[in-house]
Structure formats: C-alpha cells, structure tokens
Amino acid sequence: MLGIEHVASYLPEARRENIQDARRFDVDPAFLRDKLGVLQRARKAPNENTSDLARLACERLFRETSVDPHAIDALVVVTQSPDFPIPHVSAIVHGSLRLPDRCAAFDVSLGCSGFVYGLSVLQSFLAANGLSRGLLVTADPYSKIVDENDKGTALLFGDAASATLIGPDALYVAAPFTFGTHGALHQALICRDGVLKMNGRDVFNFTATAVPGDLAALLDKAGLAVEDVDCFLLHQGSKFIVETIARRAGLPMEKVRLGLENIGNTVSSSIPLLLEQEVKNAQTSTLVLSGFGVGLSWASCVLRRTR
Amino acid sequence: MMATVTDILALVGELQLPVDMSTLNAEASFKENGIDSLDLMTIFLAVEEKFQLKLSDAELEEIHSLADLAARINQKLSA
C-alpha cells in the first residue's frame, strides 16, 4: 500500500534571536517563551531561494534512504513563495535534482494546511496513474514576505523545507482525511504588494473554532477516540494556538507535540518537521496530523505506523 | 439574558488563563490584571460564544477592562 516511506528536512543554519528583535516592540521575553513559543527563527541565507531549500531537503532525503532519484515518478512542491511567478518551483527542483523526464512535477498552492493536502493529492495521483514513488516537498520561506516592523508577524515565522517520500514500502499509511475552507475569511492572511498581512484575531477565532471540530470529525470518521491516538502533530502556528486547540478539543498536552521554539512557525513545513522526529520513535503508532491557516483552509488525517 | 461583572469573572475563571483570579479587578485595565493580547482573544471568543454575539475590532478598541466588557455585552444584548 502506498504511504510515507521517509521524511527529511532542511533547516537553514542562521537564526534570528527573538528576544533581541522583540525589544523594538516592547514585548516581554516571557510572552515570547510562554505564548508565541518562539525564541529563535530559522532564517535562510540571502542568496537562497525557495527552490534551493526544497532541493536541499530532497538531497538529504536521498542521502538518508537508498532510493535512486531516477525512481521518482512525481514531484509535488507545496509553496506559496515561489522563486518566480512563472515557472512553478517543482520544475526548478526537478531540473536541479536531475529527475527523469517521465517524472511529473507540479506545485500545490496552499499554506499551513498544505502538507496534509499534498499527502492526499500525491498519494491519489500515484495510485490513479499506476505510479510507484513520489516526493512531497514543502518550502515556504516567509522571510521573503514578512515585514520586520510588523509586530503581528515579525516574531513568528521561520524558514524551512521538508521532503517526504511516498511509495509502496510504507512506514505510515495515511487515512482517512478531512478537509475544509472558510474562503470568506481569505483576507485574514494575505500577501499584498509582496508583504504579508495577518488579522490575528480572525486567524485565532477560525483556528479555535474550526480545528477542534475537524479533529472530532476525523476521529469519528476513523473510528478512533482521543485515547487511541499516540500523538497529535498540529501545525505550529504558535504555542498559544496549539495549546488553545488542545484545550478546546480535549487533547492531553502530553500527546501534543511542540517544536517551534528554536525555528518559528515554518508554515507548510511545520508538520513534516515534527513527523521527521516521530519516524525515529517506534512508540507512536497512531498519529493525527492537522494543518490550518492561509485560505482560511484546514486538513487533517490519521497516520498508522506499519512497523 | 444580561451579563454581570460576576458572570464575566466566572467565565474568565473557566478559561484557565495564566492570571491570578484572586486579585483580578474588573475595573482595572487588562494589562494591570496581567491579561495579554492573546488572553484577550480567548476571552472575547468565549464571550461571543456564551452570549451569541459578535464584537467588532472597533468595539474591542473601546474595551479596556472586564467591567467595560460587561457593559458592552449588555449594551448589545439590550439593543
């Protein structure tokens, strides 16, 4: 059965120190630690672009597995921060990785829900077309669009990329999925004239109300109770957002992963970065993923470990 | 249904915010009570859900304390 074979990531080495950067906004360090949950933000080098981050994540995945790049049938890049408006980032990555000519390559334009959507899209694409292996990449370096003088966004986002190998030798099988969109609220997170704008209250209200209900619907669809799930990998919007969802959905915090303190909110990469850690942890056999954000959009799924 | 300051204090207590409920002063500003901007979002959402009303961003800018909040809720409920 098709599923996730491996997950790898690329995190730029450079970090922005939030306590230092927060001084100009009169933000208490305790607020950074206890509420945002972000003390450092990963920052790509000025000469690195989205496709570079994506390529580096894929190259790490190839180093960590025995998969031949020539065995890749499809490449999907989830991003809303392309190198250029045209062409699609996946074409650039396809070229730089020297993937075979017969390999399909396309982008999926989604933000924080993108990894879960991309998982369903790529698995379905492979299955529908009799293909064997695909690469799902996430790369959304928001440092390209964040205004460093905007208190609402400047201290939150970090740069990262991930690469997930989908194939027949599945370590995790993903099913079922749930999806949703509140398109009427699309202006709550929007990039205008190259600058990100966020209505924090609209995003918070959406997250606090839509995601707990979606998690309940997913568990019902899967025939699972919260007690049956070993861990929840929620998009790392902020520590406050993750804790709010957990409280409203009745999830014990010991089952909810946090992983943004030293990197920030890495948009579509936040879930695969957490999943990369779980790959090494055979104790977690049933996982729930939930991504939510830009759109406003959400998607959740159950992962079951096979071995 | 009307909202008393006691109702609002009870609602805040249910939210388990990191504030000292024993010293919470409904007349003092949110900041003086140690309620930060994210706690406020939690309080406003809880109020909207409990009293089945919407508080606009413009209205929120005029609410500086829990007493202000109770007064605004009652103004909307009686409108």
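Colleague: Which residues of chain A are linked in a network of salt bridges?

Modeller: The general idea comes first: side chains of opposite charge can pair when their charged atoms come close. The rule used here asks for a side-chain nitrogen of Lys or Arg within 4 Å of a carboxyl oxygen of Asp or Glu. In this structure A:R16, A:D21, A:R24, A:R41, A:R43 and A:E148 are joined in one such network. Over all chains, the rule counts 23 salt bridges.

Colleague: Before I go on, what kind of model am I looking at?

Modeller: This is a predicted model, in which local features need pLDDT of at least 70 and side-chain atom pairs count only at pLDDT 80 or more, while totals for chains, interfaces and linings use all residues. Residues are numbered from 1 along each chain as its sequence is written, chains are lettered from A and ligands numbered from 1 in the order in which they are written, and side-chain values use heavy atoms, with hydrogens and water left out.

Colleague: What ipTM and pTM does the complex get, and what is the mean pLDDT of chain B?

Modeller: pLDDT is the predictor's confidence in each residue, from 0 to 100. For chain B the mean is 86, with 99% of residues at 70 or more. Helices here are DSSP runs (H or I, at least four residues), strands are E runs of at least two, and both are numbered from the N terminus. The complex as a whole gets an ipTM of 0.84 and a pTM of 0.92.

Colleague: How do I read the interface, and how many residues of chain A are in contact with chain B?

Modeller: Interface size is often given as the accessible area lost when the parts come together. Here buried area is what two parts lose that way (1.4 Å probe), summed over both. Chains A and B bury about 1200 Å² between them, and 55% of that is on carbon and sulfur atoms. Counting contacts (heavy atoms within 4.5 Å), 12 residues of chain A meet 15 of chain B.

Colleague: How many salt bridges cross it, and which elements of chain A are involved in touching chain B?

Modeller: Five salt bridges cross the interface. One is A:R201 with B:E48, whose closest N and O atoms are 2.7 Å apart. On the chain A side, α2 (29–36), α6 (200–222) and α7 (239–249) of chain A each give two or more residues. The largest share, six residues, comes from α6(A).

Colleague: What about A:K35: is A:K35 buried or exposed?

Modeller: Buried means under 20% relative accessible area, exposed over 50%, and partly exposed in between (1.4 Å probe, protein chains only). A:K35 sits in helix α2 of chain A and, at 9% relative accessibility, counts as buried. Its side chain forms a salt bridge with that of B:D36 (2.5 Å, N to O). That pair crosses between chains, since B:D36 is in the loop between α1 and α2 of chain B. B:D36 is buried as well. A:K35 also makes a side-chain polar contact with B:D39 at 2.8 Å. A polar contact is a pair of N or O atoms within 3.5 Å; within protein, one must be able to donate a hydrogen and the other to accept it, and residues adjacent in sequence count only if both atoms are side-chain atoms.

Colleague: Where do A:R60 and A:E64 lie?

Modeller: A:R60 and A:E64 are both in helix α3 (residues 50–64) of chain A, four residues apart, about one turn of the helix. They form a salt bridge, with closest N and O atoms 2.9 Å apart. A:R60 is partly exposed at 29% relative accessible area, and A:E64 is partly exposed at 37%.

Colleague: Back on chain B, where is B:K54 found, and what does B:K54 contact?

Modeller: B:K54 is in the loop between α2 and α3 (57–61) of chain B. B:K54 counts as exposed because its relative accessible area is 64%. Leaving aside neighbours within four places in sequence, B:K54 is in contact with B:E48, B:E59 and B:K76. B:E48 is also the salt-bridge partner of A:R201.
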